[in-house]
Amino acid sequence: MSQNSYREMYVSEALEHVETVNETLLKLEEEPEKREYLDLIFRSAHTVKGMSATMGYDDTRELCKNIENIFDNIRKGQAKLTPNLASALFKCIDLLREMIADDKRKVDLKPYLEMLEKPDEAKHTVTEAATNTAKSPTIRVKMSDLDSLVNLVGELVISKMRLEQTLNKNSDDSHQVMMELDRLVTDLQYQSMKLRLVPIDQVFSRFTRLVRDTSASLGKQVNLVMESSGIELDRTVLDAITDPLLHILRNCVDHGLEPPQERTESGKNPTGTIKLTAYGVGDQVAIKIEDDGRGINLDRVKAKAIEKGLLTEDQAMKLSDEEAINLLGTPGLSTAKEVTDVSGRGVGMDVVITQVEQVGGNVKITTEKGKGTTIILTIPLSVSIIGGLLINVSGDKYVLPLSSISTTVVVEQSQIKSIHGQEAIVLREQVVPLIRVAEILGIGKTAESSDKITVVIVDKGGKPYGLVVDSYDRKQEIVIKRLANEAHSSDLFTNATILGDGSVALILDPALLV
């Protein structure tokens, strides 16, 4: 085996043991008397020490030896795990992770060893290292190989659709062959997509440490409750939502939850609660983040919008709570009284929303003053092959992702009303604003050869919008093809697909259209 292979094996296994130490130490803080946690941390630190010595990494071995000694002393009853000692250990774990990942990094161990020896004299601040390093991948396959496999399956799906169109429908034999091919392609597609799925726990496990460090630095008491329901997501989707989730959780701890004294004075438990839940919604996954804090001050949101020149005072007065919450997605709109090192509620929420929408998801925010805030991210399971609705607009074909479509309706011209200069219809006692897709795309006007108007109802932020199209054809599987050259993309679409007849159709993003 080559030296590089030994190095890769060392990094992979050592990082897994370091993550075990990190996660078990968090549990040990909650249950300091649990002997099995102490034993597990001791064994993992001892294993990394031995592996590092074998590879000749003396600094890594020395740091592991000191961490191992501390837990050996705790096991013997000669020391106790105090909050300051835990913070010092977490800092050393962060350093250990970085040293393993980069064997050429030179580190002065002296301040870290002194911090372990005298933890009560050291100052502990929040570190970004814990939140920016990903857990060692559980997939032992190159992502490039997986991407190639998924691309090949996509091409196979396209070929299957073309074959469907060219086969003689009256031939029983060809129909039988088509059914068999369809089954095989579907099975292959399912298995290849499954290879890209990773447990959402892989990201969730990082949040305990983030909340622990952030709350400790702010002097707040926080209980983080997580429930993943064993859900798995495409690795690309998981990577895309990690930063938005980190940002939201920091906001919850920093500005959502009140300090213990303020909570007590309000009749609340001094320990705030953040609940992070993942659950399935059809062919999508929803991630709900709830806190029982002070809620978002919507009056301050409106005042900030007026100050930024986004609204007049008269317009702000007429805004509903839902419309005021939607302002949080405006770039640079911060409601924080002061800028902190951790976050400011409102800062970057536009980035959070944009990142989630880029993978075909959406964000919904609800809040109640004094009760707390709930943010729900709804995201697709995969971004490679999706369900789509083929629509016709001014003689061209486009695709809308099925995940964003609520329903389709055909209405009479007379049913279209003008509300404050905006075309709208009333559907199930709800006002639905209309968007004429042809005009948004700049390709003329929607065909109005009859009194009937075809409308595709889509959802954005929990609110319905109607996309006016000429007609729609059918639902079908869509193989996403990225438009790598930005000159060939626009603000309304960055992806395309190949249809059964070999033609190309652009995939529209409803969130951007509305």
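**Close-up views of a predicted model**

**View 1. Ile 231 and its contacts.** Setting aside neighbours within four places in sequence, Ile 231 touches Val 198, Pro 199, Ile 200, Ala 278, Tyr 279, Gly 280 and Val 285 (contact means heavy atoms within 4.5 Å). This is a predicted model, in which local features need pLDDT of at least 70, side-chain atom pairs count only at pLDDT 80 or more, and totals for chains, interfaces and linings use all residues. Residues are numbered from 1 along each chain as its sequence is written, and side-chain values use heavy atoms, with hydrogens and water left out.

**View 2. Where Ile 231 sits.** Look for Ile 231 in the loop between strand S2 (221–227) and strand S3 (232–234); strands are DSSP runs of E, at least two residues, and helices are runs of H or I, at least four, numbered from the N terminus. Ile 231 is buried, at 13% relative accessible area (buried means under 20%, with a 1.4 Å probe and protein chains only). Leu 381 is 150 residues from Ile 231 in sequence, yet their C-alpha atoms are 9.5 Å apart in space.

**View 3. Helices H3 and H4.** Here the axes of H3 (residues 58–75) and H4 (residues 83–101) come within 10 Å and cross at roughly 150° (axes are lines fitted to C-alpha atoms over the stretch in contact, with angles from 0 to 180 degrees between N-to-C directions). H3 is therefore roughly antiparallel to H4, a label for angles over 145 degrees. Among the residues making the contact are Leu 63, Ile 67 and Phe 71 of H3, and Leu 89, Cys 92 and Leu 96 of H4.

How values were computed: Buried means under 20% relative accessible area, exposed over 50%, partly exposed in between (1.4 Å probe, protein chains only). Angles under 35 degrees count as roughly parallel, over 145 as roughly antiparallel, 65 to 115 as roughly perpendicular and the rest as oblique.
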